[in-house]
Amino acid sequence: MTTTTSHVPEYVPESEGPDGGVAAARPARLIHTESTTEIPVHLLFREEPAAPPAEVKRPAVVAHRPPPEKEDRDTRDIGVRARASAPGVDPDIVERPARVLPGIAGVLAGVCGAAGCAVTAWWAGVLPPFAAEAFGRSAGAGGPGPAQWAAFAGAGALGLFGFGGLARGRTGRAWVLELFGRYRGTVRGTGLLWVNPLLLRRRVDVRLRHWRGEPLPAADRGGVALRVSVLVVWRVRDTARATLGVEDHEGYLRACVEAALLRVPVAAPGAGRGAVQATQDVLTRLVAADAGPVGVEVCAVRPLRVEYAPEVAAAMHRRRLAALDARHRASVVGAVVDSVEDTVTRLTMRGLVDLDDYERQVLVKDLTVAFCAGRGETGS
């Protein structure tokens with residue numbers, strides 16, 4: 001049982017003193033500090049063993065509040081990690097290399113099929129008259145038989161498969177292969193290749209790409225409506241998921257960017273480089289986390305142009321002008337006060353004038369009016 005107080009004293013045994021006598025027994029403290037102490041139940045309820053133990057709550061501990069800087073940093077980190085879970089993708093849809101052959105194999109198969117068709121035609125005697133005269137063989141009257149038709153079919157199928165499967169692979173392009181709706185692999189090779197002609201091919205661009213979207217709605221830390229144009233740098237990393245896991249991976253990426261802009265406070269127009277860089281980092285992490293499950297790798301999401309929304313642009317412009325005017329007035333007043341103080345101090349220190357409190361106040365008032373009038377005339 002755990003408690004923080006105890007009313008049952010516990011005595012230590014008597015011991016001999018330094019003069020040979022017996023020292024008086026003194027109670028031993030059960031709680032030496034303010035921390036929670038574990039006390040056996042039989043010590044608390046020595047006289048009432050049958051009574052049920054009373055439940056004592058632990059004292060509430062108030063933790064020290066972290067500094068504001070650390071709290072803000074932790075809040076930003078939590079905001080980055082706390083993201084909406086992306087929809088699950090079929091785990092079987094993962095890019096894997098497809099089985100292809102070099103292009104020379106398809107060429108050889110096609111040539112062999114064409115040659116087989118020609119030999120079968122000569123065997124069946126169905127060559128054209130000029131070809132029959134060239135080979136010294138007369139055309140047959142009965143036509144090809146079953147054996148010749150079978151040879152024609154085999155040689156023709158070989159030629160079609162050989163020439164029909166030839167494909168040219170390019171750098172930065174890939175093919176996603178399907179057979180009757182089932183994913184069979186991805187081809188990223190370059191040059192002349194032979195791919196099974198029965199497979200459905202989908203071409204996918206795997207190069208590094210970027211797009212600049214139209215102004216999208218956003219808000220700053222104060223909730224003021226903004227319009228932000230962003231530059232997204234991305235590429236397809238998993239061709240299978242980008243093609244089969246989502247209907248349109250480019251449209252999905254645009255939707256992720258719009259959602260991130262609504263979740264992240266964007267640096268207001270005129271903010272410093274640090275605020276802009278922080279906004280870029282948070283946007284990149286959120287969009288990369290949302291687009292990653294569909295095979296899209298996001299390298300950067302950079303805000304290019306940030307402006308106030310049309311409905312608040314005029315009000316924010318007046319507010320900024322008022323802030324600049326107040327700052328200018330504060331600087332003018334500070335300069336005038338410094339000038340008056342310096343003038344009065346010099347006159348007093350050099351002994352040019354001997355002023356009492358009333359005369360000092362009058363001099364300060366006159367100098368302030370003069371300096372303010374002079375700055376107003378010069379426009380400074």
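Among contacts in the protein between residues at least 6 apart in sequence, what percentage join residues at least 24 apart? Hi everyone, let's start there: the figure is 68%. Please keep in mind as we go along that this is a predicted model.

Now for the overall picture. The protein has 380 residues, and 26% of them count as buried. Its secondary structure comes to 10 helices and 14 strands. As for the surface, the protein exposes about 25,600 Å², with carbon and sulfur atoms supplying 58% of that area.

Let's stay on the surface for a moment. If you have the structure open, look for four arginines: R96, R99, R182 and R184. Together they gather in a surface patch of positive charge. I'd like to pick out one of them, R99. You'll find R99 in the loop that runs between helix α2, residues 68-81, and strand β5, residues 101-102. Is R99 buried or exposed? R99 counts as exposed, because its relative accessibility is 83% and the cut-off for exposed is over 50%.

For contrast, let's move to Q280. This residue has its place in helix α8, which covers residues 273-291. Q280 has a relative accessible area of 15%, and since buried means under 20%, Q280 is buried. So which residues does Q280 touch, leaving aside its neighbours within four places in sequence? Those contacts are V301, R302 and P303.

Notes. Residues numbered from 1 in each chain as written. Predicted model: local features only at pLDDT ≥ 70, side-chain atom pairs only at ≥ 80, totals over all residues. Heavy atoms only, no water. Patch = residues over 30% accessible without salt bridge, like charges linked within 9 Å, V, L, I, M, F, W, Y side chains within 5 Å. Areas by Shrake-Rupley, 256 points an atom, 1.4 Å probe, with all protein chains shown as cover. Salt bridge = Lys/Arg side-chain N within 4 Å of Asp/Glu carboxyl O. Lys, Arg positive; Asp, Glu negative; His and termini not counted. Charge placed at Lys NZ, Arg CZ, Asp CG, Glu CD. Helix = DSSP H or I, 4+ residues; strand = E, 2+ residues; numbered from the N terminus. Buried < 20%, exposed > 50% of the residue type's maximum accessible area, 1.4 Å probe, protein only. Contact = heavy atoms within 4.5 Å.
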